[in-house]
Structure formats: C-alpha cells, structure tokens
Amino acid sequence: MEYKHCGLKPWKSLKVKAYYTVMLERLSMESTLVKGFNVSFSRGKCLLNPSNVTVEAYKPGGFKKGVVEALALSFPPSKATYFRDWNAVTIKAFNRLIGVYESGKVTFCASGDEEVEKILDYVNHIIESTSNEIAEKGVPRVEDVESWSRLTPLDLYKHLPKTNCRECGEDTCIALAAKVLSGEKPLKDCKPLSKPENRRLLEEFRRRLGDKALKALGWE
Ligand code: SF4
C-alpha cells in the first residue's frame, strides 16, 4: 500500500523503521494539502501507539464562529470535551481523540494516509453540518455547552420514567441513563418515554437542554 502523504508503512524491520523515522523527521518540516487542509506530520506524541504520527491540519481561514460549541453539543458529553479557554473541542471517534479548534486547526494521531484522509473527510462532514446548523439557528450559547458537559446520569434519570421495566434491555433506568451519556445506547431505546403519560418528562428535558441535546443522545 502506498502512503503518499506521510510516508507511513507498518514497520517490517528495524532497518525499515529507522528509514521511515528519518523520512518522518523530514516530513514534519513540510506540509501538504489533504482534503482542503494544510497537513503536517510529526512523531513522538501519540502515547497510545508511538509508531503513529501526529497530524496537524489547518483549514485556511479557520472555522465559522460557534462551530466548536455546536460540535460539543452534537455528541453525548462523554464523547466530546469542550475547552472554553482554547476555543476547542476534542471528539472521541475512530478509537482516538480528534482536536478541533475554531482557528482551523485539527489534530489527531494516524497510522497512514488512508486514516488521515478518512478522518479529514469525517471532520469536513461534521464541520459542514454544524456550520449549516449555525447558519439556520445561530451560534450556541457557551453556558448551554457547559451545562451540557456537566450532565450526569442522575440528571438524565430524572427525565426517564423510573419504572425499571427493562424494555430497553437494561435492568434499571439509571443504567440506561449511564449508557446513553457514554454513547453506548441511544435514548430512543427507552420506548416508554414516547408514551403519552411520559410526554411531560420529555418536554421538561427538551425545555432544559433543547432539541439538539435530545438528538445528540439518540432521540429521533
Ligand atoms: S425502558 Fe425506559 S423506563 Fe424501562 S427500564 Fe429502560 S429506561 Fe427505564
């Protein structure tokens, strides 16, 4: 397989590894255009897999104001962490962390060209859909993003029917709440929540955190 951007291949021997180490050191000085980003590579910062490269990609002109906040609201709180001071969000996807900064910077670790392209495609996709949303609904409030980040299973539990009926496949409502917040299960698995007698619980949640939060938790 040809790795045309970052020169990465699985290491076949120490000699090959040494060769690619030199190549990567050279490549870290340069940048190349991938999926509309200026991309550069460096080594030694991917703690989970040290043979991967760190990718720093820059979108010329940066991202639309509010994109970072809108991204943080698009994922369950355990899948996205918002950093107000850095104007950035980290997203858990493809078994790694992807950092997105309003300045246009995107950082992640990757093993080769295919991964770099796949992840930048994904980033382009989520940025485009959040940018459209901002154009339609405006920039999200930082306060809403911060209260979303602090949402706990107990908070969500308050808006569930609390009958422990097990229809969702969990033994208790609090267990489903924890799985929904970790992104393991969608909220729509709680079928009783759509029954007329529980509409009040859902509406309270919607009033408190908005439609976007419900969607992020998997309520269609
Ligand atoms: S289906 Fe809903 S009400 Fe029933 S246990 Fe699961 S969360 Fe609770």
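Which helix holds Glu143? Glu143 is found in helix 4, residues 142-149.

## Basis of the model

The structure is a predicted model, in which local features need pLDDT of at least 70 and side-chain atom pairs count only at pLDDT 80 or more, while totals for chains, interfaces and linings use all residues. Residues are numbered from 1 along each chain as its sequence is written, and side-chain values use heavy atoms, with hydrogens and water left out.

## Overall fold

The protein has seven helices and seven strands. Helices (H or I, at least four residues) and strands (E, at least two) are DSSP runs, numbered from the N terminus. Along the sequence their pattern is α-β-β-β-α-β-β-β-β-α-α-α-α-α.

Of the 220 residues in the protein, 44% are buried. Buried means under 20% relative accessible area, exposed means over 50%, and partly exposed lies in between, with a 1.4 Å probe and protein chains only.

## Helix 3

Helix 3 covers residues 113-137 and has 25 residues. From its first C-alpha to its last it reaches 36 Å, close to the 36 Å expected at 1.5 Å a residue. The expected span is 1.5 Å times one less than the number of residues. After helix 3 comes Gly138, which has a positive phi near 90 degrees.

Which residues of helix 3 are buried? They are Asp113, Glu115, Val116, Ile119, Leu120, Tyr122, Val123, Ile126, Ile127, Thr130, Ser131 and Ile134. An α-helix has 3.6 residues a turn, so residues three or four places apart point the same way.

## The disulfide

One disulfide is found in a search of the whole structure; the criterion is a pair of cysteine sulfur atoms within 2.5 Å. The pair is Cys46 and Cys109, with sulfur atoms 2.1 Å apart. It links distant parts of the chain, 63 residues apart: Cys46 is in the loop between strand 2 (37-42) and strand 3 (53-58), and Cys109 is in strand 7 (residues 105-110).

The disulfide is left-handed because the torsion about the S-S bond of Cys46 and Cys109 is about -105 degrees. Cys46 is buried, at a relative accessible area of 5%.

## Ligand surroundings

The ligand takes up the space of the largest cavity. A cavity is a set of points, on a 1 Å grid over the protein atoms alone, where a 1.4 Å probe fits but cannot get out. A molecule sits in a cavity if more than half of its atoms lie within 2 Å of its grid points.

Around the ligand are Pro161, Thr163, Asn164, Cys165, Arg166, Glu167, Cys168, Cys173, Leu176, Cys190 and Pro192. The shell divides into seven nonpolar, two polar and two charged residues. In this count Ala, Val, Leu, Ile, Met, Phe, Trp, Tyr, Cys and Pro are nonpolar, Asp, Glu, Lys and Arg are charged, and the others, Gly among them, are polar.

Most residues other than glycine have a negative phi, and most peptide bonds are trans. Arg166, one of the residues around the ligand, has a positive phi near 75 degrees. Arg166 lies in the loop between helix 5 (153-157) and helix 6 (173-181), and counts as exposed at 54% relative accessibility.

Lys35 also has a positive phi, near 50 degrees. Lys35 is in the loop between strand 1 (32-34) and strand 2, and is partly exposed at 36% relative accessibility.

## Pairs apart in sequence

Glu143 is partly exposed, at 43% relative accessibility. Leu209, in helix 7 (residues 199-216), is buried at 18% relative accessibility. Leu209 and Asp144 are 65 residues apart in sequence, and their C-alpha atoms are 7.3 Å apart.

Asn87 is placed in the loop between strand 4 (80-83) and strand 5 (88-93). Asn87 is partly exposed, with a relative accessible area of 31%. From Asn87 to Val100 the separation is 13 residues in sequence and 8.7 Å in space, C-alpha to C-alpha.

Key: Near = heavy atom within 4 Å. 1 Å grid on protein atoms, 1.4 Å probe; cavity = no way out; pocket = protein on both sides within 12 Å on 5 of 7 lines; lining within 4 Å.
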